[in-house]
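Try each task on the structure before you read on.

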Amino acid sequence: MRSTAGSTTPTGAMQQPERSGRMRRFSPAERMVHRATGWLMLICLVTAACLYLGPLAQLVGRRHLMATVHEWSGICLPIPFLLGLFSRDFRADLSRLNRFAVYDRRWLRAARRRLTSPEARPAGKFNAGQKLFAGWIAGVVLVMMFTGLLMWFMDLLPFISRTSAIFIHDCLAWAITIVLIGHMRKAYQDPEARLGMRTGYVSRSWAARHHSKWVRHDDADTAAHERDSG
């Protein structure tokens, strides 16, 4: 679906005043959703490793406890997202993540060609890679929950074998592990992005370099607000 930069900003919604030379990237609610989801995902992966990797299983023991923690952390995984829907900022960013603009295709072409200049990779508040990651992880979490429930309640859908559910669940668990390692590696390489998730603010120079469409739209919103106020 095509969209224009910043087209999901709620009418009349203005961000908090910027700190000197900085832009607000994430609200407290968005940061809490990210943090809680990250911890629940980590617990799921660690307990899964303790259940399925022999050396870890022997080292940790207490298989029943690990299985219980794994099951309930998986069931709780959507809760931060659902609570986040009460936040207008979170809903606005979901709309941004759900829309592909024309320049997102340019970003993907540049990524395939390993072009890294800001001109080659135009992006709004979220670049095309972040949008694809968000959509992929959301879909995978739903499939993991579905297959996990099939393994937990074996009579839920008797026409689907437990073996099939286990196979899909295990394959996706490995895929999630690999993708999350890549996600954390990218975050480690960009201290400013981590600062934005930690404090909610990023430098305007970083935003202009990596998310130029977002900066331009934010400037246009600010100018329009000032005209209306005047």
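**Exercise 1. Decide whether F26 is buried or exposed, then find its aromatic partner.**

Solution. Start with accessibility: F26 has a relative accessible area of 10%, so F26 is buried, where buried means under 20%, exposed over 50% and partly exposed in between (1.4 Å probe, protein chains only). Before the next step, a word on the ground rules: this is a predicted model, in which local features need pLDDT of at least 70 and side-chain atom pairs count only at pLDDT 80 or more, while totals for chains, interfaces and linings use all residues. Residues are numbered from 1 along each chain as its sequence is written, and side-chain values use heavy atoms, with hydrogens and water left out.

Next, look for ring pairs, which are Phe, Tyr or Trp rings (for Trp, the six-membered ring) with centres within 6.5 Å; planes under 30 degrees apart are stacked, over 60 edge-to-face, and the rest tilted. The structure holds four aromatic pairs. In one of them, F26 and F126 are tilted, with 35 degrees between the planes and 6.2 Å centre to centre. The two residues are 100 residues apart: F26 is in the loop between strand 1 (22-24) and helix 1, and F126 in the loop between helix 6 and helix 7. F126 is buried as well, because its relative accessible area is 8%.

**Exercise 2. Classify the ring pair of W72 and W152 and say which parts of the chain it ties together.**

Solution. First the geometry: the planes of W72 and W152 are 85 degrees apart, with 5.7 Å centre to centre, which is edge-to-face. Then the location: W72 belongs to helix 3 (residues 63-76) and W152 to helix 7, so the pair joins parts 80 residues apart in sequence. Now the accessibility: W72 is partly exposed at 48%, and W152 is partly exposed at 31%. Finally, ring pairs link W72 and W152 with F153 into a cluster.

**Exercise 3. Find the charged side chains that sit over the rings of W107 and F100.**

Solution. Apply the criterion: NZ of Lys or CZ of Arg must be within 6 Å of the ring centre and within 35 degrees of the ring normal. For W107, the charged end of R121 is over the ring, 5.0 Å from its centre. For F100, K131 lies over the face at 5.8 Å from the ring centre.

**Exercise 4. List the residues of the largest nonpolar core and the elements that supply them.**

Solution. Such a core is a set of buried Ala, Val, Leu, Ile, Met, Phe, Trp, Tyr and Cys residues joined through side-chain atoms within 4.5 Å. The largest has 11 residues: L40, M41, L77, I137, V140, V141, M144, L172, A173, I176 and L180. Helix 1 (28-52), helix 7 (128-152) and helix 8 (162-189) each give two or more of them. Leaving aside residues up to four places away in sequence, V140 touches L172 and I176, with contact meaning heavy atoms within 4.5 Å. A second, separate core has six residues, including V202, W206, A207 and W214.

**Exercise 5. Describe the backbone and surroundings of R114.**

Solution. Recall that most residues other than glycine have a negative phi. R114 has a positive phi, near 60 degrees. R114 is found in the loop between helix 6 (102-112) and helix 7, helices being DSSP runs of H or I with at least four residues and strands runs of E with at least two, numbered from the N terminus. With 72% relative accessibility, R114 is exposed.
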